[in-house]
Amino acid sequence: MGQVECRAGEDFTIEQDWAAYSEAEHAVWRHLFERQQRLLVGRACREYREGLAGLGVAASGIPDFRRLNDILERATGWRIVAVPGLVPDAVFFGHLANRRFPSTCFIRRPDQLDYLEEPDIFHDIVGHVPLLMNPVFADYMQAYGVGGLKAQSLGHLERLARLYWYTVEFGLIATAEGLRIYGSGILSSAGESVYCLDDPRPQRLGFDLRRIMRTRYRIDRFQETYFVIASFEQLFEATRPDFTPIYREVAALPDLEPGQVLDSDRQFPPPAALGQKNGPQQSSAQV
Ligand code: PHE
Ligand code: CO
């Protein structure tokens, strides 16, 4: 699928050309999908698992966007559009603002199963699309698109991008059964889906909009800090206010390093403090 870029239109959308995937490409999908299915039991949040089940994104092979769109459009009015790769920010925000999710259509090579720095179809579809089946998250993503266009015109895109990074891509959610994953960058990564919950090294901090806007991030390694929301409603409500004065407020404060912890941070206990793997936090209601 190397020449797709020449066919990209003004909104950068292309045809997925589902029939063109090779058996080897479907096999890569199956491998990744089955591995994540195993790892995400008891790790992915309920809303994600419900979305995935509702879509019927199968282990059988790379899905056809037309089939996914029939289901997704009926559920929340979102649609997947195919793009060749990362698109200009304004184009990306414009799609989100109109409830269109830009997804890549190429799949990583067999030697890239564990790590890829750019998004591919597995990350975009298995990581992002299931939560677009959830009405609250679906509205959050659209609001983010509208907010992106505004942030760009105000010159505060970097701060808004941090919000996307620490929620949509790498967010955790607190549930009665313990912490769960909703961030797509984690959900599509075998290593990080275990690391973010089970490893004592990273910080897990309570969601705080201004704090996140100040926090730098690294795109080339596991995160040093994850932010934990209480619910998607909390996330949506916290991001509903006009960011214009908040951007100005935050711009006056110093940036924070990815691993930095402040006295004001609400820290979730590291997994070691929760006892054994089957300790009280995890023993019940694992689904
Ligand atoms: N309320 C934000 C603004 O005024 C828009 C936004 C909503 C941004 C949700 C991100 C997520 O810019
Ligand atoms: Co992504």
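The shell around ligand 1 divides into 7 nonpolar, 2 polar and 3 charged residues. Here Ala, Val, Leu, Ile, Met, Phe, Trp, Tyr, Cys and Pro count as nonpolar, Asp, Glu, Lys and Arg as charged, and the others, Gly among them, as polar. The model is predicted: local features need pLDDT of at least 70 and side-chain atom pairs pLDDT 80 or more, while totals for chains, interfaces and linings use all residues. Residues are numbered from 1 along each chain as its sequence is written, chains are lettered from A and ligands numbered from 1 in the order in which they are written, and side-chain values use heavy atoms, without hydrogens and water.

Tyr140, Ala143, Tyr144, Gly147, Lys150, Leu160, Leu163, Thr239, Arg240, Pro241, Asp242 and Phe243 surround ligand 1 (a heavy atom within 4 Å). Polar contacts are pairs of N or O atoms within 3.5 Å. A polar side-chain atom of Lys150 lies 2.5 Å from an oxygen atom of ligand 1. The backbone also takes part. A backbone N or O atom of Phe243 lies 3.0 Å from a ligand 1 oxygen atom. For Arg240, a backbone N or O atom lies 3.4 Å from a nitrogen atom of ligand 1. Taken alone, ligand 1 exposes 330 Å², of which the protein buries 93% (Shrake-Rupley method, 1.4 Å probe). H6 and helix H7 (157-169) are the elements that give two or more residues to this shell. H6 gives the most, with 5 residues. Helices are DSSP runs (H or I, at least four residues), numbered from the N terminus.

H6 (residues 135-154) also packs against helix H4 (residues 89-97), at an angle of about 145° and with the axes 7 Å apart. Axes are lines fitted to C-alpha atoms over the stretch in contact, and angles run from 0 to 180 degrees between N-to-C directions. The crossing of H4 and H6 is left-handed (near helix turned anticlockwise from the far one by less than a right angle; clockwise is right-handed). Asp89, Ala90, Phe93, Gly94, Leu96 and Ala97 of H4 meet residues of H6 including Met141, Tyr144, Gly148 and Gln152 (heavy atoms within 4.5 Å).

H1 passes H5 in a right-handed crossing. Trp29, Leu32, Phe33 and Gln36 of H1 contact Ile121, Phe122, Ile125 and Val126 of H5. Of these residues, 7 are nonpolar, 1 is polar and none is charged.

Conventions:
A polar contact is a pair of N or O atoms within 3.5 Å; within protein, one must be able to donate a hydrogen and the other to accept it, and residues adjacent in sequence count only if both atoms are side-chain atoms.
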